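Thanks for asking me to go through this model with you. My notes follow as numbered points, with the cut-offs spelled out along the way.

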Amino acid sequence: MIMIRLLNNVCRLLYKNEYKRFSLACDIEKVQTDYLINLLQKNLDTEYGKKYSFMNIRNYNDFAENVPLSTYNDYKPYIDRICDGEKKILTTEKILLFELTSGSANEKKLIPYTDTLKKEFQRGIKAWLYDVYSNIEGVCDGKSYWSITPVTSRKSYTSCGIPIGFEEDSEYFGKIEKRIMERVFAVDSSVKFSDDMNSFYMHTAKQLLKCSNLSLISVWNPTFLSLLCNFIKENADILTEDFDKKDRDRILNALENKHFNLIFPNLKIISCWADGSAKDYISDIEKLFPGVYIQPKGLLATECFISFPLVNEQGSRLSIYSHFFEFRNTANDKIYLAHQLKKSEYEVIVTTGGGFYRYCIGDIVEVLETFKDRPPLIRFLRRKGITSDLFGEKLTEEFVNKVAKSIGINDSFYFLAPEKNYYCLYTTNKNVTDDIIDNALCESFHYSYCRSLGQLEKAKVIVVDRKPEKIILSRLTSEGMRLGDIKPCHLSNRDGWGEWFRKGTD
């Protein structure tokens with residue numbers, strides 16, 4: 001206990017300066033402008049910088065005039081060349097690795113990581129952890145469980161030898177902190193080499209149960225934590241067979257009522273997604289861990305670190321020292337800077353040290369509160385453009401959520417996906433029928449029009465009753481997605497889900 005407290009406090013001290021810088025009053029416009037100009041000056045001699053005249057940019061107006069808004073497809077030709085070994089394409093820095101991620105349409109993306117980009121992530125992570133360590137009593141006394149993604153395939157490299165993929169989430173830390181963290185992690189990195197997902201859950205669960213002083217859990221998807229807890233409950237006899245009688249009885253008794261707070265009595269905080277569609281799954285975590293502080297994560301993506309929460313604040317603070325941010329208002333399409341924000345909804349646009357400039361990340365946020373000399377408070381709302389469109393029906397997740405509420409299934413699991421020329425609603429609710437869901441979807445003009453033309457057949461309902469969230473995670477990880485990239489959602493544009501749910505319910 002003393003050694004763990006000491007190591008956690010060493011990390012806390014290492015993070016103090018980053019937190020102090022963030023917490024002091026500042027000129028947000030100057031902070032952001034200084035970041036932008038320094039980054040562009042550093043990358044003048046890149047192909048991208050020459051194409052868009054970085055050398056002529058002296059302020060934001062020059063930047064907006066010379067450099068276009070971009071999406072991943074704009075970078076793909078450049079990234080292909082980097083993969084082949086060309087240098088000074090998007091950044092003058094060495095590409096340390098590519099992180100693999102995928103979008104809603106299942107396209108795979110390689111995100112270049114430089115030393116600068118890693119440091120930009122760390123600026124937000126350090127400030128967040130310092131706040132947690134300083135303001136939640138007892139966190140420094142225990143070990144932490146951080147998300148570890150199982151390896152689903154062999155380590156891969158580009159044609160010129162650049163690695164693809166982090167080994168684990170601890171890679172986001174600096175070298176010193178990573179060594180310290182490895183000493184205070186409740187689950188070691190060996191679990192990532194499990195032969196299959198069942199083994200991964202088994203090894204993870206066993207190490208967690210053997211941790212008598214777990215104080216912090218940091219995962220991404222709240223459904224993953226629920227699934228892990230259910231796995232522990234269903235396999236408790238096997239998992240505890242080599243425990244002493246006292247610990248075994250304590251664990252088994254606690255599991256009678258699924259009270260995991262009694263299994264981990266020193267647990268102080270659970271950090272996980274709790275905004276957007278993820279909020280639908282937080283009640284499950286609250287039931288499993290009554291009394292434990294659940295802190296919604298800030299907004300992070302594979303490409304960038306956008307915001308982080310502070311203890312007992314609503315929303316999360318924009319990480320103004322991490323990247324340069326622009327915000328496109330969803331109501332009028334105008335672009336605003338961090339110091340110009342008002343309470344409204346915006347699409348996030350980011351420029352980073354990884355070589356992405358005016359990159360439209362696709363996340364929609366709500367600005368909750370603004371301050372003259374402090375970063376604004378924001379909250380993730382939804383992904384932009386998560387749609388399914390077979391014949392022009394243009395279904396969005398926002399519409400699907402409204403449909404679920406209108407037919408009274410929003411408290412149940414529900415998941416809509418295309419299947420050939422019709423839509424299938426997978427749900428745990430046994431009261432909804434084909435007619436009910438189809439009529440509700442027909443409230444959309446475009447869906448109704450496609451139905452009237454005969455392009456779409458009537459929607460169908462399939463009742464699922466065995467861990468549907470686990471089925472979703474299983475499919476997406478089998479297709480190469482990391483656990484940390486899988487955000488809860490209620491709409492998919494992938495087909496073929498019927499086969500996966502049938503396997504899961506047989």
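Which residue in S13 is the bridge partner of glutamate 326? That partner is isoleucine 349, and point 2 puts the pair in context.

1. **Ground rules.** Please keep in mind that this is a predicted model, where local features need pLDDT of at least 70, side-chain atom pairs count only at pLDDT 80 or more, and totals for chains, interfaces and linings use all residues. Residues are numbered from 1 along each chain as its sequence is written, and side-chain values use heavy atoms, with hydrogens and water left out.

2. **The seven-stranded sheet.** Helices (H or I, at least four residues) and strands (E, at least two) are DSSP runs numbered from the N terminus, and two strands pair if DSSP finds at least two bridges between them. An open sheet of seven strands has the order S9-S10-S15-S14-S13-S11-S12, with antiparallel pairing. Strand S9 (307-308) and strand S12 (335-337) stand at the edges with a single partner strand each, so one side of each has no neighbour in the sheet. Within this sheet, S11 (residues 324-329) and S13 (residues 345-351) are joined antiparallel by six bridges.

3. Buried means under 20% relative accessible area, exposed over 50%, and partly exposed in between (1.4 Å probe, protein chains only). In S19 (residues 422-427), six of six residues are buried. In a regular strand the side chains alternate between the two faces of the sheet. Here Tyr422, Cys424 and Tyr426 are buried on one side, and Tyr423, Leu425 and Thr427 on the other. S18 (residues 414-419) runs antiparallel to S19 over six bridges, and phenylalanine 415 has tyrosine 426 as its bridge partner. The two strands make a hairpin with two residues between them, where lysine 420 in the turn has a positive phi of about 60 degrees. S20 (residues 460-463), by contrast, runs parallel to S19, with four bridges; there, cysteine 424 is partnered by lysine 460.

4. **Helix H5.** The expected span of a helix is 1.5 Å times one less than its number of residues. Tyr72, Tyr75, Tyr78, Ile79, Ile82 and Cys83 are buried in H5. They cover an arc of only 145 degrees around the axis, which puts them on the same side of H5; the arc is taken from the directions from the helix axis to the C-beta atoms. Just after the helix, glycine 85 has a positive phi of about 105 degrees.

5. **Helix H9.** How many of the 13 residues of H9 are buried? The count is 10, so H9 is largely enclosed by the rest of the structure. Among them are Phe224, Leu228, Cys229 and Phe231. H9 (residues 222-234) reaches 19 Å from its first C-alpha to its last, close to the 18 Å expected.

6. **Cysteines.** With a disulfide taken as a pair of cysteine sulfur atoms within 2.5 Å, the count comes to zero. Cysteine 160 is in no disulfide, and the nearest cysteine sulfur, that of cysteine 83, is 6.9 Å away. Cysteine 160 is partly exposed at 37% relative accessible area, while cysteine 360 is buried at 13%. The sulfur of cysteine 360 is 11 Å from the closest cysteine sulfur, in cysteine 304, which is too far for a bond.

7. **Salt bridges.** A salt bridge here is a side-chain nitrogen of Lys or Arg within 4 Å of a carboxyl oxygen of Asp or Glu, and the structure holds 24 of them. Aspartate 80 and lysine 76 form one at 3.3 Å between the closest N and O atoms; they are four residues apart in H5, about one helical turn. Arginine 379 and glutamate 366 meet at 2.6 Å, N to O. That pair links distant parts of the chain, with arginine 379 in S15 (residues 377-383) and glutamate 366 in S14 (residues 359-369), 13 residues apart. Arginine 379 is partly exposed at 31% relative accessible area, and glutamate 366 is partly exposed at 23%.
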